[in-house]
Amino acid sequence: MSGKLMIYGAYGYTGELIVREALRQGLRPVIAGRDGKKLGPLADAHGLESRAFAVAEAKACLDGVAVVLNCAGPFSTTAHALVNACIDNCVHYVDITGEIPVFQFCHAQDARAISAGIVLCPGAGFDIVPTDCLAAALNAQMPDAVRIDLAFSFGTKPSIGTVKTILESAASGGLIRQHHRLVSVPNAWHIRRIPFPGGTRWAVSIPWGDVFTAGISTGVPDGVVYCALPLTIGLTMRLTNFMRTCFAVPSVSRALNAAAQRIFAGGPGAGAREVQRTEFWAQATNIDGKTVTMKLSAPNVYAMTADTALAIANHCLSHPVPAGYRTPSMLMGSAFFLQRPGFDVSYA
């Protein structure tokens, strides 16, 4: 596909990592975002074209662009307008969301994307490439699976996106996949021990993107996603079930999100990104109770996101791709994560 790669939200922590990785690979992306003052120094430092615009103006700002890689969260406020602009301009759309409503929205645009001849591939980073590929790989190993459970453990502090997902669940509750449907459950509905590659840890069920997307990728009807957290946090999350109406109050929600932004925004330096590891566990179960388990050790979440998101965007830029909504494993194949540097997988 002829045209340029645009990285929207290029001056955020993850967006800038992706820009720098693109430059390292010899690419010259158009960098974009809402704030021209923040774009300017990055564009000047690397001699890149920049475009400053709000997402509501995106339709008129995609001239000469073949792929938009959206790094600007919260994606619930940016994805809809950018997806619609991409469909109207016949431009591929990729993002790094982990938000279930964004996955659902993109999935609902499948027919429009097919008509436009473009790919919609949300979740091209840590959310949800490794877990999605693990689910698809397990399904290939056990085609008769009736459930696939997934879990992850950060090698660093949780990302701001994950923290906000947990805060949102404090007000709305958890989600699991049951009989091909998303079912509401209490916060921290299930707390269990998970045998990650580096050791067994407590993990708590959360409403992660794969609750929805793993069902699309595999067709497997049931599944739960867990995040490794200290037992005390899991039990505290359970206590919030009695205070959900308080967390739904706008002023309380804003205060909690502001606090999370202060504590969790930004990310580790280059040295930390090189040594930190992220771990995953996935298990498929069939109707007879037989299981297949996979474990994965992978790079730091931010380094991983920069690598996989750019690989997927570049794939759309340089290869013929099937139009429509695609999860990462549907677009790149379940073995995609095995082709990335620093990913080590084992079967149990």
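Student: Which residues form a nonpolar patch on the surface?

Tutor: Leu239, Phe242 and Met243 do, with about 360 Å² of accessible area together. A patch takes residues with over 30% relative accessible area and no salt bridge, joining like charges within 9 Å and nonpolar side chains (Val, Leu, Ile, Met, Phe, Trp, Tyr) within 5 Å. This is a predicted model, in which local features need pLDDT of at least 70 and side-chain atom pairs count only at pLDDT 80 or more, while totals for chains, interfaces and linings use all residues. Residues are numbered from 1 along each chain as its sequence is written, and side-chain values use heavy atoms, leaving out hydrogens and water.

Student: Why is leucine 239 called exposed?

Tutor: Exposed means over 50% relative accessible area, buried means under 20%, and partly exposed lies in between (1.4 Å probe, protein chains only). Leucine 239 has 52%, so the residue counts as exposed. Leucine 239 lies in helix α9, residues 231-239; helices (H or I, at least four residues) and strands (E, at least two) are DSSP runs, numbered from the N terminus.

Student: Is asparagine 139 buried or exposed?

Tutor: Its relative accessible area is 18%, under the 20% limit, so asparagine 139 is buried. The residue sits in helix α6 (residues 129-141). Leaving aside neighbours within four places in sequence, asparagine 139 is in contact (heavy atoms within 4.5 Å) with Ile148, Thr218 and Val220.

Student: What makes asparagine 89 partly exposed?

Tutor: A value of 29% falls between 20% and 50%, so asparagine 89 is partly exposed. Asparagine 89 belongs to helix α3 (residues 75-89), and beyond neighbours within four places in sequence, asparagine 89 is in contact with Lys59 and Leu62.

Student: How do you know that glutamate 49 and arginine 51 meet in a salt bridge?

Tutor: A salt bridge needs a side-chain nitrogen of Lys or Arg within 4 Å of a carboxyl oxygen of Asp or Glu. Here the N to O distance is 2.8 Å, so the pair of glutamate 49 and arginine 51 qualifies. At 34% relative accessibility glutamate 49 is partly exposed, whereas arginine 51, at 15%, is buried.

Student: What makes the side chains of aspartate 149 and arginine 147 a salt bridge?

Tutor: They come to 2.9 Å, N to O, which is within the limit, so aspartate 149 and arginine 147 count as a salt bridge. Aspartate 149 is buried at 8%, and arginine 147 is partly exposed at 26%.

Student: Why does the pair of aspartate 307 and arginine 340 tie together parts of the sequence?

Tutor: The closest N and O atoms of aspartate 307 and arginine 340 are 2.9 Å apart, in a salt bridge. Aspartate 307 lies in helix α13 and arginine 340 in the loop between α14 (328-332) and β16 (344-347), so the pair links parts 33 residues apart in sequence. Both aspartate 307 and arginine 340 are buried. Salt bridges that share partners also join Lys4, Glu49 and Arg51 into one network. The structure holds nine salt bridges.

Student: Which residues touch the most other members of the largest nonpolar core?

Tutor: Phe152 and Ile312 do, among its 105 residues. Helix α13 (residues 301-318) gives the most to this core, with eleven residues. Such a core is a set of buried Ala, Val, Leu, Ile, Met, Phe, Trp, Tyr and Cys residues joined through side-chain atoms within 4.5 Å.

Student: How many residues of the protein chain are there, and what share is buried?

Tutor: The protein chain has 348 residues, and 55% of them are buried. The chain has 14 helices and 16 strands.

Note on methods. Areas by Shrake-Rupley, 256 points an atom, 1.4 Å probe, with all protein chains shown as cover.
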